[in-house]
Protein chains: 2
Amino acid sequence: MSDPIFERIAIVGAGLIGSSIARAATAYGAAGSVSLYDASDDVRARAEGLDLGNVTATLADAVQDADCVILCVPVGALAPVAKAAVAHMKPGAILTDVGSVKKQAAEALISADNGAVLIIPGHPIAGTEQSGPEAGFPTLFKGAWHILTPQDGKDAVYADAVQKLTDFWTALGAKVETMDPARHDRVLAITSHLPHLIAFNIVSTAFDMETVEEGEVVKFSAGGFRDFTRIAASDPVMWRDVFLNNKEAVLECLGRFSEDLAALQRAIRWGDGDFLMQEFTRARTIRKAVIDAGQDSGAVNFGRNQNGVKDGG
Amino acid sequence: MSDPIFERIAIVGAGLIGSSIARAATAYGAAGSVSLYDASDDVRARAEGLDLGNVTATLADAVQDADCVILCVPVGALAPVAKAAVAHMKPGAILTDVGSVKKQAAEALISADNGAVLIIPGHPIAGTEQSGPEAGFPTLFKGAWHILTPQDGKDAVYADAVQKLTDFWTALGAKVETMDPARHDRVLAITSHLPHLIAFNIVSTAFDMETVEEGEVVKFSAGGFRDFTRIAASDPVMWRDVFLNNKEAVLECLGRFSEDLAALQRAIRWGDGDFLMQEFTRARTIRKAVIDAGQDSGAVNFGRNQNGVKDGG
């Protein structure tokens with residue numbers, strides 16, 4: 001196995017993403033050693049039993065010798081955690097994150113800048129609906145995009161650090177791309193944040209109707225609803241922070257979504273089948289683009305694949 | 001292999017569901033012989049090359065000797081097709097369907113009643129987003145619910161026919177349940193129709209933003225959007241008919257959905273994190289119920305499973 005990209009990395013926050021990075025960095029030899037810290041005594045205790053690396057009692061112990069510190073905490077917690085980490089990091093070390101929102105995350109990290117560390121915000125487009133250190137696994141990032149949003153106007157040392165961080169995520173199996181934070185947040189608002197909000201909402205709506213239908217909503221959830229419940233099982237704290245920190249982009253998408261939905265609602269009410277046909281047919285164009293882009297493998301039989309989605313109505 | 005449930009069955013409409021019934025009925029010995037007819041010359045020609053059974057040149061040829069005729073056409077086409085089928089069916093034969101909406105479907109079938117056939121509407125909660133005779137497969141109905149909505153106040157002969165049809169779908173691997181048509185439509189409106197409408201809509205919304213984001217919506221669709229594109233790839237004609245024929249129940253669900261979404265939108269705009277937490281946490285309750293009910297297998301890593309849904313934001 002070739003030399004590790006980083007001699008020592010530190011992971012702060014041992015949840016699904018943090019514990020997956022720890023497992024992957026070790027499995028693929030991307031890091032010589034891994035230190036982990038989590039603010040929760042319970043999570044730290046559980047992480048210790050999982051052979052994820054050196055679980056430390058304090059944040060300082062985890063980050064002080066690290067060449068790269070990866071903050072895997074909810075976006076809302078980034079600012080104070082970054083400040084605490086930077087205070088103990090060695091000069092020239094890289095500070096990055098995995099926040100799903102990048103404009104606010106970048107500001108949070110940069111607000112902790114002491115001039116001695118190299119701050120490079122990032123976001124792996126990878127995950128499951130599971131949470132906690134037990135949920136992680138080394139192949140989580142295989143084939144997934146990892147978006148870095150490096151700061152502008154930096155020097156060659158910073159550029160080298162961006163390259164090293166790119167090599168690290170590449171070693172974990174990710175496809176790395178750099179992007180402007182604001183653009184990242186606009187793109188993710190429609191590709192991830194709105195879909196999750198819609199899923200949370202439809203499950204919430206069904207929750208109230210479930211009582212009306214006496215258990216049949218759950219019983220017959222294979223009709224399509226089931227997949228929404230999976231999306232909506234995602235970590236509430238993480239998602240609360242996503243929506244609070246990507247407000248503008250999400251509200252913009254939500255506004256368009258609601259307008260379009262009102263048009264479909266009106267078409268249903270007035271029996272405008274032609275409009276429904278036009279919209280439903282149009283949707284196939286995007287689906288084809290997704291498959292052509294290698295972003296999905298196509299057919300799913302939810303009868304066999306419990307994660308498939310019904311198309312029989 | 002035990003005796004077939006039906007000596008001869010006829011399938012009208014050789015799409016995903018029709019061709020799957022043909023394959024399953026033969027594979028599991030539920031029918032002694034299978035005849036198929038499709039109004040489309042092209043579909044008939046393709047079906048002939050698939051060894052699905054005896055593909056006939058006319059509807060009459062397919063149904064005249066059948067003990068059970070299964071209409072697998074869009075709900076909007078049921079009335080005329082049922083009328084044409086009944087005209088050639090033998091006395092005492094069963095006429096059923098697979099329509100995703102049952103109140104309108106039942107009315108369409110019953111409007112063709114000549115007093116000589118036994119009409120028992122049905123709906124398999126099974127499918128994929130694929131369409132056409134090539135898309136079918138024999139295990140599509142394994143473990144899936146099949147809902148029958150038998151007519152009230154019928155005699156013992158009718159009851160025997162319902163039992164036979166139940167045995168047929170059970171032989172195909174389905175779990176059969178009987179239900180009142182109106183109730184079926186209310187339950188499916190929230191578990192299947194609304195989820196599909198929402199998926200069609202979000203894909204349509206993204207379609208317009210895709211041009212704005214220059215391909216990045218598709219590129220980064222793994223963030224959650226990808227699964228919506230799969231749901232939205234479903235057959236437009238079938239879905240148009242579902243929404244036109246289950247208008248009241250769908251509009252009722254849609255109204256509740258939009259109210260709830262407006263509340264989330266307001267919470268995001270005003271930064272009400274507590275409300276978001278409460279709603280997102282509540283969604284987990286339903287998810288747990290779905291898993292406890294054995295309706296889903298749990299975790300998905302979309303990095304490996306192309307049908308998983310991202311939870312990393």
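**View 1. The interface of chain A and chain B in the predicted model.** Chain A and chain B bury about 11,600 Å² between them. Carbon and sulfur atoms give 63% of that area. The model is a predicted one. Chain A brings 122 residues to the contact, and chain B brings 122 residues. Nine salt bridges are counted between chain A and chain B. Over all chains, the structure holds 29 salt bridges.

**View 2. A salt bridge between A:Arg183 and B:Glu216.** The pair links chain A with chain B.

**View 3. A salt bridge between A:Glu129 and B:Arg287.** Here the side chains meet at 3.9 Å, N to O. A:Glu129 sits in the loop between strand S7 (122-124) and strand S8 (145-148) of chain A. B:Arg287 belongs to helix H12 (residues 273-292) of chain B, so the pair joins two chains.

**View 4. The interface of domain 1 and domain 2 within chain A.** The domain assignment of chain A gives domain 1 (6-179) and domain 2 (182-303). Their centres, taken over C-alpha atoms, are 30 Å apart. The contact takes 18 residues from domain 1 of chain A and 17 residues from domain 2 of chain A. About 1,300 Å² is buried between the two domains, 64% of it on carbon and sulfur atoms.

**View 5. Packing of helices H11 and H12 in chain A.** Helix H11 covers residues 247-269 of chain A, and helix H12 covers residues 273-292 of chain A. The helices pack at an angle of about 140°. Their axes lie 9 Å apart. Angles over 145 degrees would count as roughly antiparallel. H11(A) and H12(A) are therefore oblique to each other.

**View 6. Residues in the contact of H11(A) with H12(A).** From H11(A) come A:Ala263, A:Leu264, A:Ala267 and A:Ile268. They meet A:Phe275, A:Leu276, A:Glu279 and A:Phe280 in H12(A). By class, the contact has seven nonpolar residues, no polar residues and one charged residue.

Note on methods. Residues are numbered from 1 along each chain as its sequence is written. Chains are lettered from A and ligands numbered from 1 in the order in which they are written. This is a predicted model: local features need pLDDT of at least 70, side-chain atom pairs count only at pLDDT 80 or more; totals for chains, interfaces and linings use all residues. Side-chain values use heavy atoms; hydrogens and water are left out. Axes are lines fitted to C-alpha atoms, for helices over the stretch in contact, and angles run from 0 to 180 degrees between N-to-C directions. Helices (H or I, at least four residues) and strands (E, at least two) are DSSP runs, numbered from the N terminus. Angles under 35 degrees count as roughly parallel, over 145 as roughly antiparallel, 65 to 115 as roughly perpendicular and the rest as oblique. Contact means heavy atoms within 4.5 Å. Ala, Val, Leu, Ile, Met, Phe, Trp, Tyr, Cys and Pro count as nonpolar, Asp, Glu, Lys and Arg as charged, and the others, Gly among them, as polar. Domain bounds come from an automatic or database domain assignment. Buried area is the accessible area (1.4 Å probe) that two parts lose on being put together, summed over both. A salt bridge is a side-chain nitrogen of Lys or Arg within 4 Å of a carboxyl oxygen of Asp or Glu.
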